[in-house]
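This briefing sets out selected structural features of the model shown below.

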Amino acid sequence: MKIPNPIAEIKYFTFDELMLENGEKLGPITIAYETYGKLNSDGTNAVLILHSLSGDAHAAGLHEGEKEPGWWDSMIGPGKAFDTDKYFMICSNVLGGCKGSTGPSSINPKSGKPYALDFPLITVNDMVNCQKRLIDHLGIKQLLTVVGGSMGGMQVLSWLVNHPKSIRSAIPIATTARHSPQQIAFNEAGRLAIMADPHWNFGNYYEGKPPAKGLAVARMIGHITYMSDVSMTEKFGRQKKWSSDEREKFTADFEVEGYLRYRGDNFVKRFDANTYLYITKAIDHFDGFAGKSVREAFQHVQAKVMVIAFKSDWLYPAYQSQEIVKACKIAGLQTSYCEVDSTYGHDAFLLEIEEESHLIRHFLKKVFHDHEVSNDPTT
Amino acid sequence: MTQQHDNVRPDHRIILEWIKKDSSVLDLGCGDGELLHLLIQEKRARGHGIEISDEEIYKCIAKGLNILHGDIENGLADYKDQSFDYVILNQSMQQILHVDRVLQDALRVGKKVVVGFPNFVYYRSRLQILFGGKTPVNASLPYQWHETPNLHFLSILDFIEYCRKKKIKIERKAFLGKDQRVYLFPNVFAQTGIFLISG
C-alpha cells in the first residue's frame, strides 16, 4: 500500500527591512516557507533545507489538489532520511525568488508596480540573512543542520561562515565555494538569452508578454549542464521523434531536442526571468571563503560537516567539494566527505536517493545524539 | 571500565593498548572503521579516517565516524604539523605508491605514527617460495599475484633498517603470529609487524 503524502501548506513571514550586503536597505520582505514534522520542546531538532536555483519552499508533501509532491519529497517524510517523526524540517523560498518570497516580480511599495530592475542586486549572504530572520521568528536558537545541493550548498557555506553559532552541523551537496569561469560562462549565456528576447524589455514585461523564449533557452542550457554524457546517452540515445518522411526543417528531430524544448517551455510557466537573472548573478559572485584563503576561511566554525559530491557531476566537479573539505581539515572541523558513484551528473543530488539517504540518515542521527548526550545532566 | 576484547582483531588489540586516552587519531586506510570506532568507544579518541573504497565509506558513516573519501597519498598534505596525537597506517602502508613521502608526512602531521604491515618473509612464505616455487599466498598475504593490492613487500628487518637509516625512532613494537604474540625470531615467525614510531 502506498502511503499518501502528507499535505503541505505554504506560509509567509514578513519583516520590515533588511540591510543588504551592498549597503542598500530593502523592505518589507516576505519569505515563503513550509515546515514538516514538529519542533521538539527544547527546539533541538530543526533542520533547514536550502533549495537550488529553480527550487522553492515546497520541498515535500503535496499541495491540496496537486499530484506532484515537493522537489525533495523522496528525502523528507516519515521514516525517510529527514525523518519527520524525529525532525522539524523548514524550507523557504530564497530572497529574489518568484515562488512567494520577495523578488523582482514583487510589488515595489514605492511605485505600486513590480520592482523589475529596480530590485537591488542581492547576494547569497542576503538570502541566508533572511533565513536567519525566519529561524529567529520560529523561535529556533540553533539548527540541527543546514543542508542543500548546488546553490543550496552555497547557502550552507554562507551559514557556516556567517552564522557559525546558529548551526550544529552542515551538509553541502554538489556545490562549490566559488564559481569557476566555466560555471559563470554557462550562467552568462543563459542571462544573455533572456536579455536578447525582445519581450524582456529591460525587465519591464510584467504587464505584457514575458521573455518566454529567452528564459526557455536559459533553462535548456541549464539542463544540459545538469546531465552527463552517459545519462543523456542512456536516456535519449540518438532516438528520433519521428520518421524521416515527416521531417521538416529545423524541428526537434531527436528525443534529446524534444526533451530540452519541453523542459524549457515548462519552466517558463513557473519561473520569472528576472529572478533567473538576479539569482544567477548572486551565485556567480558568491565567495564561500569570504575573500579569505582556504586556510583562514573556516577558522571560527565549530559545526560538524558532511560534504557530498557526485563522480559524474561536471558542472560542480568533485574537486570543488574537496576544496571545501580542505578548508574544514585546516580548521580542524569534524568532517566527512563522500564522492558518490553516479552517472547522473549534477542532477544526481536529486536522484541518488538511496546513497544520499544512507549518508544523511546516519550523519543526522550522530549529530542529534551527540548533542542530546552533551546536554544531558545525568551523563 | 576495562572490557574483554575477545572478539577484537589481535592487531587492533595491540594498537588499542598503545593509544592513550583522549587522543586525536587519523586512521589512513581505515577500511570499515572498526579500529577507529573501537578507539572512540574505549579510549574516547577524537578521530578521522581516510578511505578510498565507496563500500567502506558507507559502513564508516553508519558507525557515526568522521570519514574522508580519498586516497592516502593526497590526504595528508592539508593538515597542519602535529594535528594529531597519532596517525595510523595499519595494513595500508604496503599499498601506498610513495611510501617514503607518506611516512614522512604522517610523521609531520602526527606526533606519533602506528604502522602495521604483513611480514613478507614469514616462514610459510619462505617455504612456499623455496619449495613451491610460487609467490606466497597465506593468511598474512592472502592475495594471488594478479589481484593483490600490495605494492611493497617488506620484512620486519627491512622496516627496522629503514627507520635506522631515516633516523626514525621506534618507540614500541609488537609481532603477531596467527593469533598470538611472537617474541622469538619475529622476522621468521611473525605474520605481522606493528610499530609505534616518532620523528
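**Contact between the chains**

In this predicted model, 16 residues of chain A and 13 residues of chain B make up the contact between the two chains. Two elements of chain B, α3 (54-62) and β3 (66-69), each give two or more residues to the side that touches chain A.

- With 5 residues, α3(B) provides the largest share of the side of chain B that touches chain A.
- By class, the side of chain B that touches chain A comprises 7 nonpolar, 3 polar and 3 charged residues.

**Nonpolar core**

- The largest nonpolar core has 157 residues, and those touching the most other members are V47(A), I49(A), M89(A), I308(A) and V87(B).
- This core lies between domain 1 (11-178 + 288-374) and domain 2 (184-281) of chain A, because both domains give residues to it.
- Beyond its neighbours within four places in sequence, V47(A) is in contact with F82(A), Y87(A), F88(A) and M89(A), and also with L143(A), L144(A), T145(A) and V147(A).

**Domains of chain A**

- Chain A is assigned two domains: domain 1 is formed by 11-178 + 288-374, and domain 2 by 184-281.
- Taken over C-alpha atoms, the centres of domain 1 and domain 2 of chain A are 26 Å apart.
- The contact between these domains involves 18 residues from domain 2 of chain A and 23 residues from domain 1 of chain A.
- On the side of domain 1 of chain A that touches domain 2 of chain A, there are 13 nonpolar residues, 9 polar residues and 1 charged residue.

**Strands of chain B**

- Strand β1 (residues 24-28) of chain B is largely enclosed by the rest of the structure, because 4 of its 5 residues are buried, a residue being buried if 20 or more other C-beta atoms lie within 10 Å of its own.
- Strand β2 (residues 46-51) of chain B pairs with β1(B) in the parallel sense, over 5 bridges.
- Within this pairing, I50(B) in β2(B) stands opposite L28(B).
- The path from β1(B) to β2(B) passes through helix α2 (residues 34-43) of chain B, giving a right-handed β-α-β crossover.
- Strand β4 (residues 84-90) of chain B also runs parallel to β1(B), to which 3 bridges join it.
- Y86(B) in β4(B) is the bridge partner of V25(B).

Definitions and conventions. Residues numbered from 1 in each chain as written. Chains lettered and ligands numbered in written order. Predicted model: local features only at pLDDT ≥ 70, side-chain atom pairs only at ≥ 80, totals over all residues. Contact = placed C-beta atoms within 7 Å. Nonpolar A, V, L, I, M, F, W, Y, C, P; charged D, E, K, R; others polar. Core = buried A, V, L, I, M, F, W, Y, C linked by C-beta atoms within 7 Å. Buried ≥ 20, exposed ≤ 12 C-beta atoms within 10 Å, placed from the backbone. Domains from an automatic or database assignment. Pairing = 2+ DSSP bridges. Right-handed = clockwise from strand over helix to strand, strands pointing away.
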